[in-house]
Amino acid sequence: SARILVPCIAIFSLNASFQLIETGLPPATADGLGWGPVRISFLMAGTAVFIMVSFAVVPALSKRGVTDKRLIVGGLVVSAVSYSSMYFFWTKDAPIWHYFLPIACACT
């Protein structure tokens with residue numbers, strides 16, 4: 001049924017897209033910003049903070065009456081914009097916010 005299929009597809013696509021950050025970030029920042037493994041690791045650790053905050057915010061929004069449908073649609077739209085931004089923003093010699101902003105949005 002669609003009630004089961006839509007969340008399963010959403011979870012699969014978000015997990016597959018999130019792996020783009022883990023695989024694409026190190027070579028992109030090494031090439032575009034000249035970063036080494038330590039700086040990249042700090043940025044990846046920072047994503048954990050954004051994810052932790054998101055895990056606290058979503059139940060709070062749900063308790064305040066935001067429907068599950070709105071939460072899912074909002075999350076999917078933000079994810080689509082974030083991952084598209086990675087494609088367009090991650091260029092050589094781009095400013096640091098071009099790398100950070102899409103990741104921060106994708107993790108929320």
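Is Trp97 buried, exposed or partly exposed, by its relative accessible area? Please go on from there to the helix H4 around it.

Reply: The model is predicted, so local features need pLDDT of at least 70 and side-chain atom pairs count only at pLDDT 80 or more, while totals for chains, interfaces and linings use all residues. Residues are numbered from 1 along each chain as its sequence is written, and side-chain values use heavy atoms, with hydrogens and water left out.

Trp97 is partly exposed, because its relative accessible area is 44%, and the cut-offs are under 20% for buried, over 50% for exposed and in between for partly exposed, with a 1.4 Å probe and protein chains only. Helix H4 covers residues 96–106, and in it His98, Tyr99, Pro102, Ile103, Ala104 and Ala106 are buried; helices here are DSSP runs of H or I with at least four residues, numbered from the N terminus. Among what covers these buried residues are helix H1 (2–32), helix H2 (37–63) and helix H3 (68–89).

Of these, H1 can be followed in detail. The axes of H1 and H4 come within 12 Å and cross at roughly 165 degrees, where an axis is a line fitted to C-alpha atoms over the stretch in contact and the angle runs from 0 to 180 degrees between N-to-C directions. The two helices H1 and H4 are therefore roughly antiparallel, a word used for angles over 145 degrees. Ile21, Leu25, Ala28, Thr29 and Gly32 of H1 meet Tyr99, Ile103 and Ala106 of H4 in this contact, contact meaning heavy atoms within 4.5 Å. By type, the residues of the contact of H1 with H4 comprise 6 nonpolar, 2 polar and no charged.

Leu33, in the loop between H1 and H2, also belongs in this picture. Leaving aside neighbours within four places in sequence, Leu33 is in contact with Ala28, Ala94, Ile96 and Tyr99. Leu33 and Ala94 are 61 residues apart in sequence, yet 7.6 Å apart in space from C-alpha to C-alpha. Leu33 counts as partly exposed because its relative accessibility is 23%.

Finally, the aromatic rings. Rings of Phe, Tyr and Trp (its six-membered ring) pair if their centres lie within 6.5 Å, and planes over 60 degrees apart count as edge-to-face. The count comes to 4 aromatic pairs, one of them the edge-to-face pair of Tyr87 and Phe88, at 5.1 Å centre to centre with 85 degrees between the planes. Phe89 and Trp97 are edge-to-face too, because their ring centres lie 5.8 Å apart and their planes stand at 75 degrees.

Key: Phe/Tyr/Trp six-rings, centres within 6.5 Å; stacked < 30°, edge-to-face > 60°. Parallel < 35°, antiparallel > 145°, perpendicular 65-115°, else oblique. Nonpolar A, V, L, I, M, F, W, Y, C, P; charged D, E, K, R; others polar.
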